[in-house]
Amino acid sequence: MALDFTHDPSARSWLASANDTASDFPLQNLPFAVLRPRGTDGPWRGAVAIGDQALDLAALVRRTGLCTGAAAEALQLAARPALNDFMAAGADAWRTLRQALFALLEASAPHASIAMLRSCLLPLDNVEYTLPSQIGDYTDFYTSIHHARNVGRVIRPHDPLTPNFQWLPIAYHGRASSVVISGTPFHRPHGQARAADAATPIYTPCTRLDYELEMGFFIGPGNPLGRRVPLAEAEQHIFGMCLLNDWSARDHQFWEMDPLGPFLGKNFCTSLSPWVVTLDALAPYRTPLPRSAEDPPALAYLDSAENRAHGGIDVQLAVHIETAQHRAQGLPPAPVSRTSLRHQYWTLAQMLTQHSVGGCNLRPGDLCGTGTVSGPLPEEAGALVELSLGGAQPITLAGTGETRTFLADGDAVILSGWCEKPGAARIGFGNCRGEVLAAI
């Protein structure tokens, strides 16, 4: 991903809040979402985040002359109530609109344009969100070798890593209908579970409810049925990334997964953050693929020098838990873990290529998850099943002193993500929040 003027860390916006170094949404980010003013029944519309405001793209469309040519065509697509058509338009359209919006929001923009743009802004604290796209299909991968080993030790202590993990990006087909936007609460699910010392299972509300710290990525242009996507072309099919929480009923999941993959243990809820950060915005944060001399070489269709050198992305990720006691006492959520996407064993490009290698047709707006993101250190684990060693070792939450092996009713889990390094502007993803309600 080439750098251009939109990545200049010294660039400033005429909107003062966008120049705050702690902001998730500086001029160099410009992520996309679908929203409307809170408490209204008006139409959903595409928007771009800038500082503490959202630029209403439907309103911008009505300000004729601010965007022209290819940028105006892309703007029309991005302003719609779902981003599928904009995602389908491809990398040239995404980049053209990004560059045009950057120029309009930069400090040197003409005063007349600034006045019109101000009338298109909505305060972020006064909007509500819906899903960025109409998600036709959802696939969740399993690509952190650290997570795989940690969870594998719970299930198979003497053989934690499956033989296929280092040869292909493993995945399962998730349930698109239960993907929800951040802030949507959900009820503790019911299902079957069997205790290790029991002869028969029982039907019960989940007793080992967990979160999974993940990132999601949205498909842009699709591929025809039967036509696989080569690794060198894979990122041209990826629009951008968001935060994703793949809530997991571990007791139900571990009972049902022999011999097939996750079903009820996963299909009751998946939470997404509303803002989608484009791959263009993430270009300064590309990293090498983490491999050691002991790792087997990838098969040729999953390997390239470019992917090895730049396939990873250094997105810093953190998890906080806010219990009912935290809220009652006015305390901040308790930090639980922190890690980075750069630790993933397989890259986004490898995931997409593997997804299509049998001829599967991906479609604009489809969602993929990276799988739980865990790092090599114990405190970098991306799920409670890892942090609590399968429920054997409770963790203590700051502020209240409460302990958790798995989630309790009333717990809210907040995921956050950001990129920062010297010589580049800090950009963020906002957060992804979900709260556990009692079983019904």
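## A buried arginine and its partner

Arg404 counts as buried here, with 11% relative accessibility. Keep in mind that this is a predicted model. The side chain of Arg404 meets that of Glu402 in a salt bridge, at 3.4 Å from N to O. Glu402 is buried as well, with a relative accessible area of 14%.

## Other salt bridges

By the rule used, the count comes to 20 salt bridges. One of them pairs Arg327 with Glu322, whose closest N and O atoms are 3.0 Å apart. Arg327 is partly exposed at 32% relative accessibility, while Glu322, at 11%, counts as buried.

Then there's Asp246 with Lys266, where the closest N and O atoms sit 3.0 Å apart. Asp246 lies in the loop between β14 and β15, and Lys266 in the loop between α7 and β16, so this pair ties together parts that are 20 residues apart in sequence. Asp246 is buried at 0% relative accessible area, and Lys266 is buried too, at 6%. Both belong to a network of salt bridges that also links Asp210, Glu212 and Arg250.

## The whole chain

Stepping back, the chain has 11 helices and 26 strands. Its radius of gyration is 22 Å, which agrees with what a compact globule of 440 residues would have. Along its principal axes, the C-alpha trace spans about 75 × 55 × 40 Å.

Buried residues make up 57% of the chain. Of the contacts with a separation of 6 or more, 75% come from residues 24 or more positions apart.

As for charge, there are 32 positive and 42 negative side chains, and the centres of the two sets lie 2 Å apart.

Methods. Residues are numbered from 1 along each chain as its sequence is written. This is a predicted model: local features need pLDDT of at least 70, side-chain atom pairs count only at pLDDT 80 or more; totals for chains, interfaces and linings use all residues. Side-chain values use heavy atoms; hydrogens and water are left out. Helices (H or I, at least four residues) and strands (E, at least two) are DSSP runs, numbered from the N terminus. The radius of gyration is taken over C-alpha atoms; the globule rule is 2.2 Å times the number of residues to the power 0.38. Buried means under 20% relative accessible area, exposed over 50%, partly exposed in between (1.4 Å probe, protein chains only). Contact means heavy atoms within 4.5 Å. Lys and Arg count as positive and Asp and Glu as negative; His and the chain ends are not counted. The place of a charge is taken as NZ of Lys, CZ of Arg, CG of Asp or CD of Glu. A salt bridge is a side-chain nitrogen of Lys or Arg within 4 Å of a carboxyl oxygen of Asp or Glu.
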